[in-house]
Amino acid sequence: MPRGCAALTNARREEIICACKELYKTMSFKEITIKEIAAYTSFTRPSIYNYFETKEEIFLAILQQEYERWVEELCRVTAENAALSKQQVAEKLATSLENRELLLKLMSMNHYDMEANSRMERLVDFKNAYGASLTAVDALLQKFCPDVDRNAFLYNFFPFIYGIYPYAVVTEKQREAMEQAGIHYQYHTIYELAYHCALKLL
């Protein structure tokens with residue numbers, strides 16, 4: 001890690017993270033390299049290694065931020081509402097995930113590679129954010145649905161949301177392949193999938 005104040009270090013890390021996020025909008029995980037990220041920033045490729053050892057660490061930092069933003073949203077829901085019905089809890093959870101498409105995309109498509117190719121300290125930072133999301137959902141359930149088996153909900157809902165993105169976000173090529181295969185699939189949005197799953201579990 002280069003010398004300097006924490007604020008400067010964080011600003012440089014954030015520039016790298018933002019560049020990677022922009023590239024991920026139009027490029028695949030495999031296509032994005034440290035060289036591509038450097039070209040999108042004010043950094044040389046070697047200087048990026050002062051902040052991240054691999055591109056997977058950059059993506060893991062993005063995923064960590066997305067978890068942290070999801071936690072913030074869930075905590076606001078818990079704090080700002082005195083009471084919510086089970087339907088309203090399902091709506092709030094579904095809306096929170098609808099707002100986190102990048103979270104769901106990374107979870108479903110690149111999670112294993114990010115974790116496998118990141119240093120332990122980066123992985124622990126990420127796991128803290130992941131753990132906070134479990135805690136935030138648990139707190140939501142404890143406040144508004146005290147009769148629900150919270151452990152059962154958490155250990156069914158979280159694995160489920162890892163698979164939402166490929167079901168809700170499909171390319172024209174995928175649609176055409178489904179049609180040619182004779183599969184009449186009914187497409188649903190992230191919100192619809194999350195809402196119906198959450199409501200069934202509640």
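**Pockets and aromatic pairs in a predicted model**

Arg122 is found in helix H8. Helices here are DSSP runs of H or I with at least four residues, and they are numbered from the N terminus. This is a predicted model, in which local features need pLDDT of at least 70 and side-chain atom pairs count only at pLDDT 80 or more, while totals for chains, interfaces and linings use all residues. Residues are numbered from 1 along each chain as its sequence is written, and side-chain values use heavy atoms, with hydrogens and water left out.

Arg122 counts as buried, at 12% relative accessibility. Buried means under 20% relative accessible area, exposed means over 50%, and partly exposed is in between, with a 1.4 Å probe and protein chains only. A polar atom of the Arg122 side chain lies 3.4 Å from the backbone oxygen of Tyr51.

Helix H8 also carries Tyr130, while Phe158 lies in helix H9 (residues 150-161). A pair of aromatic rings is described by the distance of the centres and the angle of the planes. Rings of Phe, Tyr and Trp (its six-membered ring) pair if their centres lie within 6.5 Å; planes under 30 degrees apart count as stacked, over 60 as edge-to-face and the rest as tilted. A search of the whole structure finds 13 aromatic pairs. One of them joins Tyr130 and Phe158, and this pair is edge-to-face, with 6.1 Å centre to centre and 90° between the planes. Because Tyr130 is in H8 and Phe158 in H9, the pair ties together parts that are 28 residues apart in sequence. Tyr130 is partly exposed, with a relative accessible area of 21%, whereas Phe158 is buried, with 2%.

Tyr167 and Tyr185 make a tilted pair, at 6.3 Å centre to centre and 40° between the planes. Tyr167 belongs to helix H10 and Tyr185 to the loop between helix H11 (172-180) and helix H12 (190-201), so that distant parts of the chain, 18 residues apart, are linked.

Lys127 lies over the face of Tyr130, at 5.8 Å from the ring centre. A charge sits over a ring if NZ of Lys or CZ of Arg is within 6 Å of the ring centre and within 35 degrees of the ring normal. Elsewhere, the charged end of Lys55 sits over the ring of Phe29, 4.5 Å from its centre.

The pockets come next. On a 1 Å grid over the protein atoms alone, a pocket is an open set of points where a 1.4 Å probe fits, with protein on both sides within 12 Å along at least five of seven lines; lining residues have an atom within 4 Å of a point. The largest pocket holds about 200 Å³ of space. Its lining has 13 residues, and those closest to its centre are Arg13, Ile17, Ala61, Gln64 and Gln65. Helix H1 (6-24), helix H4 (55-80) and helix H8 (120-144) each give two or more residues to this lining, with the largest share, 6 residues, from H4.

The second largest pocket holds about 150 Å³ of space. Lys105, Met109, Tyr165, Pro166, Val169, Val170, Thr171 and Gln174 line the second largest pocket.

Notes. Points joined across faces, edges and corners; volume = space filled by probe spheres on them. Polar contact = N/O pair within 3.5 Å; in protein donor to acceptor, adjacent residues only side chain to side chain.
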